[in-house]
Amino acid sequence: MTPEEAIAEQERLRPLVRPWADPDLNVRYVAGLDVSYADDDRLAGAVVVLDVETLYTVDTAVVLGTADFPYLPGLFAFRELPPLVRALEKLSVTPDLLVCDGQGLAHPRRFGLACHLGVVTDLPSVGVAKTPMGRFEQPSEERGSVTDLVEDGEVVGRALRTREGVKPVFVSVGHKIDLDRACAEVLRLCVVRLPETTRRSDALGRAQLR
DNA sequence: GCGACAG
DNA sequence: ATCTTGTCGC
């Protein structure tokens, strides 16, 4: 697939994004997804499902693969989506929400990894990125404070302070959830700066490459 | 033309 | 993404 074809694919799928929650959305099992890279082009896609009430891990899956698409800003999903979908297929527990390592609507074409993964799986999803794609004001220092993340004059996500005195993370809607809910769900996954979902899937993926 | 650009 | 445990500072 060429970058031009990838962009066309994003434009084709973008209308399928539903940036609101089903009335009956109840989040108990949350999946964190991440891809780790080796020195060569091997990679590991990892997913960890935890019970949001206890933060206990209830299911995990890892797959080994190769990087078949380069990292290009705006086309990140075409590199990470294949191993992540394969990992999701290995789960025994169906997650209620996917927490992705990257952007959702906070994307130049409003179709970041979290949107793509949400649409492909038809599961609610949110993007949690460590660096922003857009402009934002610094949220105040206390845990839970937020500011808008703005791109092209529209609010595409939020900067969320997940712990006092740390850099914010950048939350955007992926699919089948609204921004308020997305921020609330992410915040309750955070013991330190990054959500436990992200931390555990990251650890699982890198361990698999050893 | 130049800089910016998730992981 | 990756290099990476203990250590410095609030």
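## Lining of the largest pocket

The lining of the largest pocket divides into 11 nonpolar, eight polar and five charged residues, where Ala, Val, Leu, Ile, Met, Phe, Trp, Tyr, Cys and Pro count as nonpolar, Asp, Glu, Lys and Arg as charged, and the others, Gly among them, as polar. Of the 24 lining residues, F76, D101, G102, Q103 and A129 lie nearest the centre of the pocket. The elements that give two or more residues to this lining are α2 (77–89) and α5 (196–208), helices being DSSP runs of H or I with at least four residues and strands runs of E with at least two, numbered from the N terminus.

## Basis of the model

This is a predicted model, in which local features need pLDDT of at least 70 and side-chain atom pairs count only at pLDDT 80 or more, while totals for chains, interfaces and linings use all residues. Residues are numbered from 1 along each chain as its sequence is written, and side-chain values use heavy atoms, with hydrogens and water left out.

## Aromatic pairs

The whole structure holds three aromatic pairs, meaning rings of Phe, Tyr and Trp (its six-membered ring) with centres within 6.5 Å, counted as stacked with planes under 30 degrees apart, edge-to-face over 60 and tilted for the rest. One of them joins Y71 and F76, edge-to-face because the ring centres are 5.9 Å apart and the planes stand at 80°.

The rings of F136 and F170 are also edge-to-face, since their centres are 4.9 Å apart and their planes at 70°. This pair links distant parts of the chain, with F136 in strand β6 and F170 in strand β9, 34 residues apart.

Definitions and conventions. Chains lettered and ligands numbered in written order. 1 Å grid on protein atoms, 1.4 Å probe; cavity = no way out; pocket = protein on both sides within 12 Å on 5 of 7 lines; lining within 4 Å.
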